[in-house]
Number of protein chains: 2
Amino acid sequence: MRTVSNVVSGYTHVSERMRAKVLAAIEELDYRPNPVARTLRTGRTGMLALVVPEIDVPYFSELARDVIDAAAEVGYRVMIDQTGHDHERERQLLTGDDRTMLFDGLLFSPLVTKTELLDMHGSMRMPLILLGEHEFDGRYDHVAIDNVAAACDAVDHLIAIGRTKIAAIGSQPQEEYATPLQRSAGYDAALADAGMRRRADYIRTAAHYSRSDGYAAAQALLALPEPPDAIFCFSDLLAIGAMRAVFDAGLRVPDDIAVIGIDDVEEGRFARPSLSTISLDTPFIARESVRRILARIDDPDLEATEIVAPHRLIVRESTTG
Amino acid sequence: MRTVSNVVSGYTHVSERMRAKVLAAIEELDYRPNPVARTLRTGRTGMLALVVPEIDVPYFSELARDVIDAAAEVGYRVMIDQTGHDHERERQLLTGDDRTMLFDGLLFSPLVTKTELLDMHGSMRMPLILLGEHEFDGRYDHVAIDNVAAACDAVDHLIAIGRTKIAAIGSQPQEEYATPLQRSAGYDAALADAGMRRRADYIRTAAHYSRSDGYAAAQALLALPEPPDAIFCFSDLLAIGAMRAVFDAGLRVPDDIAVIGIDDVEEGRFARPSLSTISLDTPFIARESVRRILARIDDPDLEATEIVAPHRLIVRESTTG
DNA sequence: TTGTAAGCGTTATCAC
DNA sequence: GTGATAACGCTTACAA
């Protein structure tokens, strides 16, 4: 009945006597509103979906923490999905083929989204925000750092401390994903600005940005006739794997080889040596994407915007003599 | 209409002609079944909730990865919530006070659950599985390792490599949570078995099992008149913080102080030195808890069972000369 | 094999 | 201020 709903929802136009009566009945029957029925009626689930490649990658779990917190602050909860680098899974999520889309909006943080994937979202009305991409094409909201500048800052730092043979780990085998392309561009730009030559044998690919990818790539670099004296890794995890490979080869960080990453995950702060990195403001990214998706849920016809999150260089032991 | 539902659900008793017709109409109208309406009718959301203290703690994010995978295999999705050591939040989840309980079952991995909290779940019909606890009281399903034995194995290893002054980090300030109590008991038992004395000044508390907790606790141990020659940490994160404190004090691991943790997170495999630990079979834990909660969703009156997950000692550099 | 109608538990509309 | 009643979009008896 109407009055009960009013009481439950804390509506004002209810007499004190009636409110007390309803409350008593609620207590008596141990009544709990059914959220599903409410959702069917209101059209809002109160849930957001956060889609990441792998939740156990520290950058994503730290991002998830912030997103869950930011969402909780505005009364939303977060469902987490992993695509595991699976294009088919990404497609399902983007097209809404999944049978259980119980959420109001999608925060999509693709490691490997191609533009063509995004085209598929077209017919769906599910609000969507892209995280971590920076190829703004005006169709979807983006929240991301300036990847080119971030990579450039990292390499500039290596140059500033006097390194001249700077390698990079993290380009993708198939060059079709935005993030690695942008970071590669930043690396190239920094070298060019310093009048340094870009050597193809110093550019190593990494499929999953994992510690072991970083380890393997660094091993390959160390085996070169003229090994580098610095390595710029496209993620902190790659950098941690790379550092381990340097030690296993009997060399030292940063003395023989300086290492810098991107992400500023907590693991890097406690690594030995502690890892220099580019810090991404994940609380900012989380807050802004939640704010933005709520606005879009309220008004699906909002114009797409691009939100650039701040980043900054953090110098630690891995790049300081 | 009946037939449409049949087609969508892949029912058999539908004529080919009719099925084609329906499919064409679906395509034409770009029809998508509304999952909320389906849920209201069937009573199943197809979602599980995984509740952990903090998703960015590697052990929990690795567990979450496995739970999401295990759930996906049986057509379920996973909502993740953090309690952040907040008792009020735990209470809400357990009692169903939250207004948006859009899931069929709850996998609850409390760092800090007191028995009294569990009492509150009594009136709720939401299926519940407890993870990581091992104080089986017969009321709820548990999936956990044998914490006492795990701790005992870790300390036995330190004794086996000849250490005699073995400290422990990870007991709780307020001694009311199961996991730390059990791990403390295992530590005590191993020392007693070896005829070693338990020294109160070698037992350090840690509120959040974080790297910085481990760092601070280890610093305190090193400042003792007679510092330990080995530290057993109740989690890998504590151990990683502790190792860093040892290095910052100018000492070496394992030469001066051996360190061992529990969890076997990937970070420990790449740490320097790599971290000895007790490996918990998280894929097993994830698989079994999902299996169990599905059974309980099907039949809420199932008797509570206790599932013990395997664990095993992993010896790495942090405890080998 | 196919169509009709009831009902899941809310919230919103609308008289009173 | 309060009580009936419709509607959200699906699944499923039941009838045809």
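A residue is called buried if 20 or more other C-beta atoms lie within 10 Å of its own, exposed if 12 or fewer, and partly exposed in between, with C-beta atoms placed from the backbone. Helices (H or I, at least four residues) and strands (E, at least two) are DSSP runs, numbered from the N terminus. The model is predicted: local features need pLDDT of at least 70, side-chain atom pairs count only at pLDDT 80 or more, and totals for chains, interfaces and linings use all residues. Residues are numbered from 1 along each chain as its sequence is written, while chains are lettered from A and ligands numbered from 1 in the order in which they are written.

**Exercise 1.** Determine how many residues of strand 1 of chain B are buried, and on which sides they lie.

*Solution.* Strand 1 covers residues 47-52 of chain B, and 6 of its 6 residues are buried. In a regular strand the side chains alternate between the two faces of the sheet. One side holds B:Met47, B:Ala49 and B:Val51; the other holds B:Leu48, B:Leu50 and B:Val52.

**Exercise 2.** Identify the strands that pair with strand 1 of chain B.

*Solution.* Two strands pair if DSSP finds at least two bridges between them. Strand 2 (residues 77-82) of chain B runs parallel to strand 1 of chain B and is joined to it by 6 bridges. Within this pair, B:Leu48 has B:Val78 as its bridge partner.

**Exercise 3.** Check the span of helix 7 of chain B.

*Solution.* The expected span is 1.5 Å times one less than the number of residues.

**Exercise 4.** Describe the surroundings of strand 8 of chain A.

*Solution.* A:Ala230 and A:Phe232 point one way, A:Ile231 and A:Cys233 the other, and all are buried. Strand 6 (residues 166-171) of chain A pairs with strand 8 of chain A in the parallel sense over 4 bridges, with A:Ile166 opposite A:Ala230. Strand 9 (residues 258-263) of chain A is parallel to strand 8 of chain A and joined to it by 3 bridges.
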